[in-house]
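Here is a short briefing on the structure shown below. Keep the view open and follow the points by topic.

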Amino acid sequence: MTVAGDIPGGQAPSRAWLVPLAGRIEGLALPVAALLAGFLAFALFLLLLGKNPLEFYSLVYKAGFGTAFSWSNTLSRAAPLLLAALCVAIPARLGLVVIGGEGAIVLGGVMVGALAVPLAGWPAFIAMPVLALMAALVGGIWIGAVGAMRQWRGVNETIASLLMAYIAIALMNHLVEGPFRDPASLNKPSTAPIAEAFRVGNLPGWNVHWGLAIAVLSCILAWILIERTTIGFAARIAGGNIRAAQVQGLPVGKLVIGFTALGGAFAGLAGYFEVSAVHGSANASLAAGYGYTGILIAFLARHNPLAIIPVALLLAGFEASSGLVQRRMDLPDATMIVLQGFVFVAILASETFTGRLDLVGWLTKGERS
Amino acid sequence: MNGDIGLWAVPIAMLGGAIRVSTPFLFVSLGEVITERSGRINLGLEGTLVFGAMAGYALAYMTGSAWIGVLAAALAGAVFGLVHGLLCSLPKVNDIAIGIALMLLGTGLAFFFGKPFIQPVAPDLPAINLGWWSDLPQVQAALRVNVLFIFGAVLAVGLAWMLKRTRIGLTLRVVGDSSDAARALGIQPARVRILATAFGGALAGIGGAYLSLFYPGSWNEGISSGQGLIAVALVIFARWSPINCFFAALLFGAAGALGPALQSVGVTTGYYLFYAAPFVLTLAVLILSSSKSGALTGAPRELSITK
């Protein structure tokens, strides 16, 4: 930004132009500091257990970001995480804390596994969009129902969405072990494998499926919706003060249901890619916890859809490395959940410093007489 | 008359199941009533419940005493509550979000430290046979009641009395209804809320110990699937009354016992759907007992979910 000329006097060494940026600097510095604090706390935790934290983090780097193979693993995991984080970030614009994205993911996935059977024989260029849209529709209805319960009955959306996630997982287990079960799936009850023609392939020249590109595009579109349209602006007003928004005649009810449904649709889409690009059929692997990691990602990104992209990549790297790190260092499976827990607590606790860092005073130190 | 009682087995098994399944609901919701009466909500009790189950089982196994396990679970739960209470006392920190984070951390830590205790067998908590008067084995099995259930029932009455009749209860209610009024009376709201959250955590920890030390009676990573969350939702339904919590816990216990009860008479189809029954019931109850404006009768006015 070249705003130096706007400053009255406009002396060359003035740093006053930084002042309007202070809010943005704080918005970036606080989450980064909180992330580092979370990593540090986890390092201390490892030290107390007699494990070497440097070895831990260097193994994470190697297995998550060190080689082309680890990058493709990380990027494949980033796709569902990006979409799951949107399921938290979009309703958050209205001040809603929706944490049940896992439910929309599994039901979107089951929808794909079940519907691919009768659609077999359709041309892929019709069937694939239909499958993706149906997965998004199921996810959108599932989380949109949470918004509707909130709007019409005042039901707390945090509790309701998590209850719905438990119900969705039970429903998935029922469907893949009952009505939609492929008799050939013996050890792990699954739907019938989807037709080879319907499988989502890799990005040209990459070892990562198309879901990543769609997920990144979804984040960009969500950012435009929230930051650059009147709908997003209305949502921000409603998120700040529902009553003021109603007085101004904003359609709060439509916003609540629309934003929760949109978030759920993205999570449902994550389920579509998990089945059609990763697993090949719907089964219990759909409940891999992406929905829950997505909550942390959205909070770390401060519910900004563009910031979700780097944060999701970082956490995807951690998840991609978990297998190797746990084997090499003889740590339990839950290691990454503990790390995520530390980071989550740190990012929420850091909110207390919002607006208290006095960045303006620090940046212009010595310039005021 | 021994054995075959036909379909009567279902309601009897459900009654016994209700008593068995309801105990963790009862402890978690009683703890949450106290926390919420002080004006805070702790959504993280699911994590506390799971950690309590692990800590209780581990300590019971290592010391050979189930009661030391219960004590350890209560202490661990109190620590989680204390952390929640302290963090939420910082300005601008959101209690609902902290609850989500602690849910994740509590479950993560429980799985992390609980791995070595999945195989070993720890001592069980004792049960009292209240079905001695009957010849039917089903009735006797249904009325084998754990000591903790009786303790929980007594606690519900005790807490109701405490809230209504004692100085501690009055302090809690004042803090929950208005921070300003509390300050005017010389009470520090933050301190009261921290203690109330720690107390709630301790009770949730005991609920967890019941899971691993009595029913189902072993530690594994699937030990609690949302009981802590249901119990938190149940508090809204119970309108922040400990006595109502007791009956609500029994109702939800019966819903949770539906699946196993039907299985015991040979109905196995739709197992997962019966498993989801308590969640569906919770959701239905929330829809019916909430109101469009968000204002709920009996709700502490400082509570974030009703503001």
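In which crossing, left-handed or right-handed, does helix 2 of chain B pass helix 3 of chain B? The crossing of these two helices is right-handed. Bear in mind that this is a predicted model.

**Chain A overall**

- Chain A contains 14 helices and 0 strands. Read from the N terminus, its elements run α-α-α-α-α-α-α-α-α-α-α-α-α-α.
- Chain A has a radius of gyration of 23 Å. The globule rule gives 21 Å for 369 residues, which is close, so chain A is as compact as a globular protein of that length.
- Taken along the principal axes, the C-alpha atoms of chain A fill a box of roughly 80 × 60 × 40 Å.
- Buried residues account for 49% of the 369 residues of chain A.
- Among contacts in chain A with a separation of 6 or more, 78% join residues 24 or more positions apart.

**Chain B overall**

- Chain B has 13 helices and 2 strands.
- The radius of gyration of chain B is 19 Å, close to the 19 Å from the globule rule for 307 residues, so chain B is as compact as a globular protein of that length.
- The C-alpha trace of chain B spans about 65 × 45 × 35 Å along its principal axes.
- Of the 307 residues in chain B, 57% are buried.
- In chain B, residues 24 or more positions apart supply 78% of the contacts with a separation of 6 or more.

**Helix 2 and helix 3 of chain B**

- Helix 2 spans residues 45–63 of chain B, and helix 3 spans residues 66–89 of chain B. Their axes come within 7 Å and cross at roughly 145 degrees.
- On the helix 2 side of chain B, the contact residues include Phe51(B), Gly52(B), Ala55(B), Gly56(B) and Tyr57(B). On the helix 3 side of chain B, they include Gly69(B), Val70(B), Ala73(B), Gly77(B) and Phe80(B).
- By class, this contact of helix 2 with helix 3 of chain B has 12 nonpolar, 6 polar and no charged residues.

**Helix 4 and helix 5 of chain A**

- Helix 4 (residues 101–119) and helix 5 (residues 124–153) of chain A pack at an angle of about 145 degrees. Their axes are 8 Å apart.
- Helix 4 of chain A passes helix 5 of chain A in a right-handed crossing.
- Helix 4 of chain A brings residues including Gly103(A), Leu107(A), Met111(A) and Leu115(A) to this contact. Among the residues they meet in helix 5 of chain A are Val130(A), Met134(A), Val138(A) and Trp142(A).
- The contact of helix 4 with helix 5 of chain A divides into 16 nonpolar, 3 polar and no charged residues.

**Where the chains meet**

- The contact takes 38 residues from chain A and 42 residues from chain B.
- On the side of chain B that touches chain A, the elements giving two or more residues are helix 4 (95–114), helix 10 (227–237), helix 12 (271–275) and helix 13 (277–289) of chain B.
- Helix 4 of chain B gives the most to that side, with 12 residues.
- The residues on that side of chain B are 28 nonpolar, 11 polar and 3 charged.

**The nonpolar core**

- The largest nonpolar core has 238 residues. Ala85(A), Ile308(A) and Leu234(B) have the most contacts inside it.
- Helix 10 (residues 252–279) of chain A gives the largest share of this core, 15 residues.
- Beyond four places in sequence, Leu234(B) touches residues including Phe25(B), Cys245(B), Ala248(B) and Phe252(B).

- Val235(B) lies in helix 10 of chain B. Val235(B) counts as buried because it has 27 C-beta neighbours inside 10 Å, and the cut-off is 20 or more.
- Leaving aside neighbours within four places in sequence, Val235(B) is in contact with Ser29(B), Glu32(B), Val33(B), Glu36(B), Trp240(B) and Cys245(B).
- Val235(B) and Glu36(B) are 199 residues apart along the chain, yet their C-alpha atoms are separated by 8.7 Å.
- Val285(B) is in helix 13 of chain B. Val285(B) counts as partly exposed because it has 19 C-beta neighbours inside 10 Å.
- Val285(B) and Arg239(B) are 46 residues apart in sequence and 12 Å apart in space, C-alpha to C-alpha.

Conventions: Residues numbered from 1 in each chain as written. Chains lettered and ligands numbered in written order. Predicted model: local features only at pLDDT ≥ 70, side-chain atom pairs only at ≥ 80, totals over all residues. Contact = placed C-beta atoms within 7 Å. Helix = DSSP H or I, 4+ residues; strand = E, 2+ residues; numbered from the N terminus. Nonpolar A, V, L, I, M, F, W, Y, C, P; charged D, E, K, R; others polar. Core = buried A, V, L, I, M, F, W, Y, C linked by C-beta atoms within 7 Å. Buried ≥ 20, exposed ≤ 12 C-beta atoms within 10 Å, placed from the backbone. Axes fitted to C-alpha atoms, helices over the stretch in contact; angles between N-to-C directions. Left-handed = near helix turned anticlockwise from the far one by under 90°. Rg over C-alpha atoms; globule rule 2.2 N^0.38 Å.
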